[in-house]
Amino acid sequence: MVITRESFSDTIERGLLMRVSTGVPGFDRLVEGGLISERLYVLSGPPGSGKTTFSAHFAQEGAAEGDKCLYMSMHETKEELVDDMAGYDFGFDQAMAGNRLHFMNIFAEKSQNVLIPRNGNDYRSNVQNMTNRIVNFVNKHQIDRLIFDSTMLLRYFYSDEENTFIQFVSSLKQTDATTLLISEMTDPTAYQDEHYLAHGVIFFHNYLEATGMRRGVQVIKMRGTDIDSDIKEIDFSRDGLTVHPERVVEA
C-alpha cells in the first residue's frame, strides 16, 4: 500500500476527530467506535423500526457521560416518551428525571412562547423566528446532544417554497451539538433534502417474514468514517435495542 501525503493527512485528521458513543450495544462497531461529535445525523425508517429507541439510548448515554442533552419533539409529550421507554431497563426514565437530559415539546404553550413568537400573520417571519430561536436556544444552553423528532411534521410547518426547511437543517448543522434528526421514511431510495445535507444517514428496515417481523439497521452514509454498510440485524429486549454486527440481513 502506497501512503500518499493526502491519505496520511486524512488518517491524522480522522484520528483527531472526537467521537461520541451512541449507547446502542453493537452499533458503534459499524462506525469506527462512535459518531463524530458536533455533526448532524439523520435516522430514517418506517414507523416502529427503532428510531426513537435508538435516540433514547443516545440521550441516556450522553446524560450518563455528563453531556447536556435535549430531546425536542413536535408531536409527543414528555410523559408519553417516558411511558414508551418504560419497558426498557437501560435507564432512560432515570436520565429524564435527572438534570442532564431535558425535554421540550415545540408546540406546547410554554415552548411556543420561547421558540415561536408570533409576528401577526407574517408567515415567513414566524418561520425564520422559529429557526433562529431553536438554534440560539441550543447554543445558549450549550447543548451537547440534540434529538429532533421529526422531519415529517417539521415539513408541515416549513411548507412554503423558499427553502426554509433546507435553511433549518443547515442552521442546525452550525451548532456545537451532536444532532440526531428523526425522519419518517419507508423507501430507502427516496432520498430527501436532509439526507444530502446530513453528515451521516442511518436507515432502519422492517421485513415481514413468515416467522414474524425482522428488523435491521444500515449505515448509508457517514462522512469521515469507514463504515460497514451491510444491513445488520437488530432486536429489542429489556435492555433496549441491540445491533448484531456479525449478522447480515439479506434484503
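## Overall fold

Of the 251 residues in the protein chain, 48% are buried (under 20% relative accessible area with a 1.4 Å probe, counting protein chains only; exposed is over 50%, partly exposed in between). This is a predicted model: local features need pLDDT of at least 70, side-chain atom pairs count only at pLDDT 80 or more, and totals for chains, interfaces and linings use all residues. Residues are numbered from 1 along each chain as its sequence is written, and side-chain values use heavy atoms, without hydrogens or water.

The chain holds 9 helices and 11 strands. These are DSSP runs numbered from the N terminus (helices H or I, at least four residues; strands E, at least two).

## Contacts and surface

Take contacts (heavy atoms within 4.5 Å) between residues at least 6 apart in sequence: 66% of them join residues at least 24 apart. The protein chain exposes about 12400 Å² (Shrake-Rupley method, 1.4 Å probe). Carbon and sulfur atoms supply 47% of that area.

## Helix α2

Helix α2 covers residues 51-64. Its 14 residues should span 20 Å at 1.5 Å a residue, and the end C-alpha atoms are 20 Å apart, which agrees. The expected span is 1.5 Å times one less than the number of residues.

12 of the 14 residues are buried, so α2 is largely enclosed by the rest of the structure. Among them are K51, H57, Q60 and E61, along with F54 and F58. G66 follows α2 and has a positive phi, near 90 degrees.

## Helix α8

Helix α8 spans residues 164-173, and its buried residues are T164, F165, F168, V169 and L172. They cover an arc of only 140 degrees around the axis, which puts them on the same side of α8. The arc is taken from the directions from the helix axis to the C-beta atoms.
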